[in-house]
Amino acid sequence: IRDYRRMVGRQFAALGAAERHAEALALALDEVPGELAREHRVLALLALGRPAEALSFLDEWRQLPGAEVHAVVRLRIRALGAAERFDEMETANDELSALSPGYPAPAVYGVIQRVRAGRERAADEALQDYFFRYGGSAQNLIMLAEPLAEVGDLARLEKCAAAAAERGHPM
């Protein structure tokens with residue numbers, strides 16, 4: 001089943017890259033039920049510009065016994081940003097951080113989702129908070145720099161490189 005999931009994951013990614021989102025949604029609906037199929041469904045709905053449906057599905061998913069709460073909250077942040085429900089997005093960012101206190105990945109995700117949602121001021125505030133909390137290691141700064149580069153946020157990427165240089169970290 002692991003090979004099947006890997007193959008479906010690649011097929012889903014290829015459909016998304018080709019902007020064939022309706023087909024990606026159909027694939028997600030036909031997948032073997034599980035966390036990956038649910039995530040694919042949400043991502044396809046968001047790619048199709050249907051954040052309200054994605055949020056409704058995420059609410060259902062969260063109620064399932066054994067639901068992976070981290071995944072649901074992470075995707076909820078993205079869907080709330082797409083739906084322009086920014087206050088709720090901030091609350092969900094706080095919830096994700098609370099699920100993994102002291103771990104920088106949720107903070108990275110929060111910066112990137114604010115960038116994707118066009119929340120410039122909130123992204124800058126989250127970036128500065130990240131530098132304060134997690135900027136003490138080169139590894140943590142690289143963890144932030146990579147997704148900033150992926151989303152094409154050159155200005156914040158340069159701030160990340162400057163923060164590394166200020167702290168004596170090579171990047």
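Contact here means heavy atoms within 4.5 Å. Keep that in mind as you click through this predicted model, where local features need pLDDT of at least 70, side-chain atom pairs count only at pLDDT 80 or more, and totals for chains, interfaces and linings use all residues. Residues are numbered from 1 along each chain as its sequence is written, and side-chain values use heavy atoms, with hydrogens and water left out.

**Stop 1: Arg74**

Select Arg74. It sits in helix α5. Helices are DSSP runs (H or I, at least four residues), numbered from the N terminus. Arg74 is partly exposed, at 24% relative accessibility. The scale is this: buried is under 20% relative accessible area, exposed is over 50%, and partly exposed lies in between (1.4 Å probe, protein chains only).

Which residues does Arg74 contact, leaving aside neighbours within four places in sequence? They are Glu39, Leu96 and Tyr109. Now draw a distance from Arg74 to Tyr109. The two are 35 residues apart in sequence, and their C-alpha atoms are 7.9 Å apart in space.

**Stop 2**

Axes are lines fitted to C-alpha atoms, for helices over the stretch in contact; angles run from 0 to 180 degrees between N-to-C directions.

The crossing of α5 with α6 is left-handed. In a left-handed crossing, the near helix is turned anticlockwise from the far one by less than a right angle.

Colour the contact residues next. On the α5 side, they include Val73, Arg74, Ile77 and Leu80. On the α6 side, they include Phe86, Met89, Ala92 and Leu96. The contact divides into 9 nonpolar, 3 polar and 4 charged residues. Ala, Val, Leu, Ile, Met, Phe, Trp, Tyr, Cys and Pro count as nonpolar; Asp, Glu, Lys and Arg as charged; the others, Gly among them, as polar.

**Stop 3: two loop residues**

Move to the loop between α5 and α6 and pick Glu84. Is Glu84 buried or exposed? Glu84 is exposed, at 61% relative accessibility. Look at its backbone too: phi is positive, about 60°, although Glu84 is not a glycine. Most residues other than glycine have a negative phi.

Now find Glu19, in the loop between α1 and α2. Glu19 also has a positive phi of about 60° and is not a glycine. Its relative accessible area is 64%, so it is exposed.

**Stop 4: α3 and α4**

Select α3 and α4. Their axes come within 8 Å and cross at roughly 160°. This pair is therefore roughly antiparallel. The crossing is left-handed.

Show the side chains. Among the α3 residues in the contact are Arg38, Glu39, Val42 and Leu45. Among those in α4 are Ala54, Phe57, Leu58 and Trp61. The contact has 8 nonpolar residues, no polar and 5 charged.

**Stop 5: the largest core**

A nonpolar core is a set of buried Ala, Val, Leu, Ile, Met, Phe, Trp, Tyr and Cys residues joined through side-chain atoms within 4.5 Å. The largest one has 27 residues. Which members touch the most others? Val42, Ala54, Leu58, Trp61, Ile77 and Ala79 do. Helices α1 (2–17), α2 (21–30), α3 (35–47), α4 (51–63), α5 and α6 each give two or more residues. The most come from α5, which gives 7.

Zoom in on Leu58. Not counting residues up to four places away in sequence, Leu58 touches Val42, Val72, Leu75, Arg76 and Ala79. A second, separate core has 16 residues, including Val108, Ala126, Tyr134 and Cys160.

**Stop 6: Ala126**

Click Ala126, in helix α8. Ala126 is buried, with a relative accessible area of 13%. Beyond residues up to four places away, Ala126 touches Val111 and Arg114. Ala126 and Val111 are 15 residues apart along the chain, and their C-alpha atoms are separated by 5.6 Å.

**Stop 7: α8 and α9**

Finish with α8 (residues 120–134) and α9 (residues 138–150). Their axes come within 10 Å and cross at roughly 155°. That makes α8 roughly antiparallel to α9. Leu127, Tyr130, Phe131 and Tyr134 of α8 contact Asn140, Leu141, Met143, Leu144 and Leu148 of α9.

Methods:
Angles under 35 degrees count as roughly parallel, over 145 as roughly antiparallel, 65 to 115 as roughly perpendicular and the rest as oblique.
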